[in-house]
Amino acid sequence: LQIVRFNMAHRESNSTQQAIINTATKQFLLNGFQNTSAKMICRELGISPGNLTFWFPTKADILLEFTKKIMNYHERFIEYTKSKGHENLYTYCLEIVVQIALCEERENIRDIYYSMYSHPLTMAFLKDWTAQKNLKILGPYLQDWDLIRFRRAANVTCCIERSALAEPCTEDYTLEDKIYLTLTCLLKIYDFEKSERERIINKILATDYHKIKEYRLTELDKFLT
């Protein structure tokens, strides 16, 4: 009987946590992270603020779970791109370009990504995720790099990505400008020669990433909701 009660309580706790995450995800996508309050989440779920903070002490704790979902989506995108026969370096660059393009498409998406790259809790997760990802993708090119070195690099590369996501494009700072400058900085950090940087960036710029962005935006909405 005690085991049955424990299992039921465990399922209920998981159900409550998941309901909070699902509701917050919907609100984040609709309003952005900054414009979504704990009160809004509580009101939609019909729970008290105390109940919410029992499971997630701060909104950043909810954002962390959301970030894990987003990065799981990016991992799937990376595997999908690689399955199409693309080289690892192209896959690495395209995943970053998709983030940038998505943030240019929707202000709420920009707010979400920028928040993920700004809060200490989620930034720590992203640095670790980035290091692990780049060890897998870029490791074959940089055989003298270990995980520790990729972790050190992630302290800088994540800040570069955050800057790229934060600043919207203008007539004088086009999406192509942003992609070129961002990828150039990142690839320099990973010691790629100029000729290789130019080759892969030109390949990216020749890709119809606008079409890819539209498809990934639809897929992101489906994946998260």
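Let's start with E219, which lies in helix α11, residues 209-224; helices here are DSSP runs of H or I with at least four residues, strands are E runs of at least two, and both are numbered from the N terminus. Before I go on: this is a predicted model, where local features need pLDDT of at least 70, side-chain atom pairs count only at pLDDT 80 or more, and totals for chains, interfaces and linings use all residues. Residues are numbered from 1 along each chain as its sequence is written, and side-chain values use heavy atoms, with hydrogens and water left out.

E219 and F77 are 142 residues apart along the chain, and their C-alpha atoms are separated by 9.9 Å.

Now please look at D172, in the loop between α8 (147-166) and α9 (175-189). D172 counts as exposed, because its relative accessibility is 73%.

Of its 225 residues, 43% count as buried. And if you take contacts, meaning heavy atoms within 4.5 Å, between residues at least 6 apart in sequence, 72% of them join residues at least 24 apart.

That's my tour, friends; happy to go back to any residue on the screen.

Technical notes:
Buried < 20%, exposed > 50% of the residue type's maximum accessible area, 1.4 Å probe, protein only.
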